[in-house]
Amino acid sequence: MSQNPASEGFVPIDRPVRVAFVGLGRIYDLNRLAYDGNGDAEVVALVDPSEERRRQRALDWPMAKVFSSVEELASSGLDVDAVEVLVPIALHEEIVLSCLESGWHVNLQKPVTNDLASAARMTASAASHGCQLRVMENYLFYEPLLRLKDVIDAGELGAISGYHLKMVASGRGGWDVPGDTYQWQFDEAQRGRGILYFDDGWHKLSTALWLFGPVKEVRAWLGSTEVIPGLALDAPSTIVWEHENGVRGVWDITLAVDMYLRSDYYTNDERWEVTGQRGFARVNRCTGRGIQQPSFEVYLDGTMRSYHALDDDWASSFRDSGRHWLRFLRTGDGPLRWSAREAYDVLSLAMAGYESDARGGVGINPATFAPPLS
Ligand SMILES: NC(=O)c1ccc[n+]([C@@H]2O[C@H](COP(=O)([O-])OP(=O)(O)OC[C@H]3O[C@@H](n4cnc5c(N)ncnc54)[C@H](O)[C@@H]3O)[C@@H](O)[C@H]2O)c1
């Protein structure tokens with residue numbers, strides 16, 4: 001993994017951070033949770049070309065000024081320290097570069113961007129403007145996954161033999177997703193960046209690197225299923241990899257379009273199961289509420305330990321990720337989880353998977369496939 005120079009040269013902000021939200025769509029509803037009643041920040045601006053969304057979100061922050069574009073905000077003279085960038089992926093680079101040019105620190109939603117050259121330009125721009133570019137990864141703040149990491153790191157399971165990530169995309173249940181959100185996701189799929197492997201899958205690749213470190217080889221077999229005429233989703237897909245420490249991971253993505261899944265958010269049935277020489281540990285769910293057992297369980301020596309009182313509401317991971325970022329801006333205490341360099345490693349793994357698939361499933365080393373960042 002790339003080194004994380006997050007706090008190098010960073011001067012903490014000695015008053016509440018003045019923040020602008022850029023992009024007021026579906027995920028704004030969860031990113032905003034970090035700001036409710038948080039004395040570390042003051043929401044000063046809301047930016048979105050949609051007048052309806054500006055009007056709707058202004059009710060949350062009556063003191064904030066509203067703008068239809070980042071350019072309008074920049075030329076307004078309003079003092080801003082940091083921005084939450086929550087826009088379609090194809091716009092990430094353009095918007096992030098203009099925010100960095102204005103001298104604003106950036107908390108960007110994942111995936112960082114669609115290709116490695118674009119990610120390299122964004123990373124270089126952050127460094128040259130002396131700004132922090134964070135690519136937020138809320139899964140690294142989800143309590144059941146944090147417990148999983150604790151159990152692995154404490155050696156409770158013994159030496160780790162391998163692990164399995166499972167993801168089932170269902171088409172029924174969950175919250176409403178606006179039509180224009182789906183539209184840009186379909187455009188992404190047309191560009192070869194599928195919603196399951198690339199967009200949501202970003203979190204699975206992230207947790208793999210977070211739990212077990214750099215990957216030395218990935219092999220991918222990415223499928224495609226037409227769900228409505230002209231629209232295909234990137235499943236069934238199977239991806240396997242080996243970390244530099246020898247641990248192997250396998251991740252399967254399955255489609256169950258007619259399956260109803262109870263969820264307050266997206267209808268994604270997810271699991272992480274890590275097997276060691278002495279036992280296993282399992283996170284049973286995350287975004288959706290597929291398996292209604294405790295969200296985290298550890299099996300050792302004939303006994304199952306179940307965690308019944310974790311904060312396993314997926315929204316809490318956004319709240320805690322955002323609070324962590326704002327604390328970092330106020331104090332300089334990292335790590336960022338993720339820095340732009342770490343996000344580049346996640347993107348490198350995703351791209352190596354695409355390369356493997358294109359070449360019939362051969363093993364690809366993400367570190368040699370991706371050009372190094374300067
Ligand atoms: N962490 C997660 O689990 C998670 C979940 C969903 C989405 N996301 C990510 O969040 C980002 C946004 O996704 P979403 O689902 O909220 O999309 P969305 O389409 O619901 O919202 C995007 C918003 O950006 C606005 N927008 C478009 N162009 C803009 C511009 N030039 N300047 C300012 N605003 C502009 C749109 O009007 C819209 O309100 C994407 O990167 C997506 O991958 C992350």
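**Ligand shell**

I looked up the residues around the ligand first. There are 27 of them, and Gly-23, Gly-25, Arg-26, Ile-27 and Gln-109 come nearest; a residue is near a molecule or strand if its C-beta atom, placed from the backbone, lies within 6 Å of it. The model is a predicted one, in which local features need pLDDT of at least 70 and side-chain atom pairs count only at pLDDT 80 or more, while totals for chains, interfaces and linings use all residues. I number residues from 1 along each chain as its sequence is written.

I sorted the shell by class and got 14 nonpolar, seven polar and six charged residues. In this scheme Ala, Val, Leu, Ile, Met, Phe, Trp, Tyr, Cys and Pro are nonpolar, Asp, Glu, Lys and Arg are charged, and the others, Gly among them, are polar. Helix H7 (residues 179-190) supplies three residues, the largest share of the shell. Helices (H or I, at least four residues) and strands (E, at least two) are DSSP runs, numbered from the N terminus. Domain 1 (17-138 + 318-335) and domain 2 (143-311) each give at least three residues to the shell.

**Chain and domains**

I count 11 helices and 16 strands in the protein chain. Its radius of gyration is 20 Å, close to the 21 Å that the globule rule gives for 374 residues, so the chain is as compact as a globular protein of that length. The radius is taken over C-alpha atoms, and the rule is 2.2 Å times the number of residues to the power 0.38. Along the principal axes, the C-alpha atoms fill a box of roughly 60 × 50 × 40 Å.

The chain is divided into domain 1 and domain 2, with bounds from an automatic or database domain assignment. I noted 27 Å between the C-alpha centres of the two domains. Across the boundary, nine residues of domain 1 are in contact with 12 residues of domain 2; contact requires C-beta atoms, placed from the backbone, within 7 Å. The side of domain 1 that touches domain 2 has four nonpolar, two polar and three charged residues.

**Six-stranded sheet**

I traced an open sheet of six strands with parallel pairing, in the order E3-E2-E1-E4-E5-E6. Two strands pair if DSSP finds at least two bridges between them. Strand E3 (65-67) and strand E6 (133-135) are the edge strands, each pairing on one side only. The twist averages 25° from one strand to the next; axes are lines fitted to C-alpha atoms, for helices over the stretch in contact, and angles run from 0 to 180 degrees between N-to-C directions.

Strand E1 (residues 17-22) and strand E4 (residues 82-85) run parallel and are joined by four bridges.

**Eight-stranded sheet**

I then went to the open sheet of eight strands, which has mixed pairing and the order E8-E11-E12-E7-E13-E14-E15-E16. Strand E8 (215-222) and strand E16 (303-307) stand at the edges with a single partner strand each, so one side of each has no neighbour in the sheet. Neighbouring strands here are turned by 15° against each other on average, direction ignored.

Which strand pairs with E7 (residues 160-172) over nine bridges? I find strand E13 (residues 268-276), in the antiparallel sense. Within that pairing, His-164 has Glu-273 as its bridge partner in E13. Glu-273 also has a bridge partner in E14, Arg-282. E13 runs antiparallel to strand E14 (residues 279-283), with four bridges between them, and the two form a hairpin with two residues between them. E14 in turn pairs with strand E15 (residues 296-300) in the antiparallel sense, over five bridges. Ala-281 has Val-298 as its partner in E15.

I checked the helices on this sheet. Helix H6 (residues 143-153) lies across E7, E13, E14, E15 and E16 and runs at about 165° to E14. Helix H10 (residues 340-358) packs on the sheet, touching E8 and strand E11 (237-243), and its direction makes about 50° with that of E8.

**Backbone exceptions**

Most residues other than glycine have a negative phi, and most peptide bonds are trans. I logged a cis peptide bond between Ala-235 and Pro-236, with omega about 0°; Pro-236 is in the loop between strand E10 (231-233) and E11. Another cis bond joins Gly-334 and Pro-335, with omega about -5°, and Pro-335 lies in the loop between helix H9 (314-331) and H10. Asp-301, not a glycine, has a positive phi near 50° and sits in the loop between E15 and E16.

Key:
Two residues are in contact if their C-beta atoms, placed from the backbone, lie within 7 Å.
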